[in-house]
Amino acid sequence: MVKTLHPRSYDEVIHVGHYFCHGFAVVMDLTSLTDADAMPLVDFAAGLVVGRDGAMERVAPKVFLLRPRETFRAAAQHPA
């Protein structure tokens, strides 16, 4: 399952971590933020995926997909 979140401040990035740590892939949409406001959230997400052995990719400007390690195994078991 994929959870899409639109954090509006650094205070709301905790929800990204919550869903990610519970095994959800998370789309983090930062398009409503300025570059300066978005950068700390991107830094948080990068640290989160490194610390939890996940992956992060930019899917559009200011939109990022965070994938927990568990999704790698699921994708390998069910190839498209």
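Student: Which residues on the other side of H2 are exposed?

Tutor: Exposed means over 50% relative accessible area, buried under 20%, and partly exposed in between, with a 1.4 Å probe and protein chains only. On that side of H2, the exposed residues are Ala36, Val50 and Gly51. The model is predicted, so local features need pLDDT of at least 70 and side-chain atom pairs pLDDT 80 or more, while totals for chains, interfaces and linings use all residues. Residues are numbered from 1 along each chain as its sequence is written, and side-chain values use heavy atoms, with hydrogens and water left out.

Student: Which residues of H2 are buried?

Tutor: Ala38, Leu41, Val42, Ala45, Leu48 and Val49 are the buried residues of H2. They line one face of the helix because, seen down its axis, they fall within an arc of 120°; the arc is that of the directions from the helix axis to the C-beta atoms.

Student: What do the buried residues of H2 pack against?

Tutor: A contact means heavy atoms within 4.5 Å. The buried residues of H2 pack against helix H1 (14-21) and strands E2 (25-29), E3 (55-60) and E4 (63-67). Helices (H or I, at least four residues) and strands (E, at least two) are DSSP runs, numbered from the N terminus.
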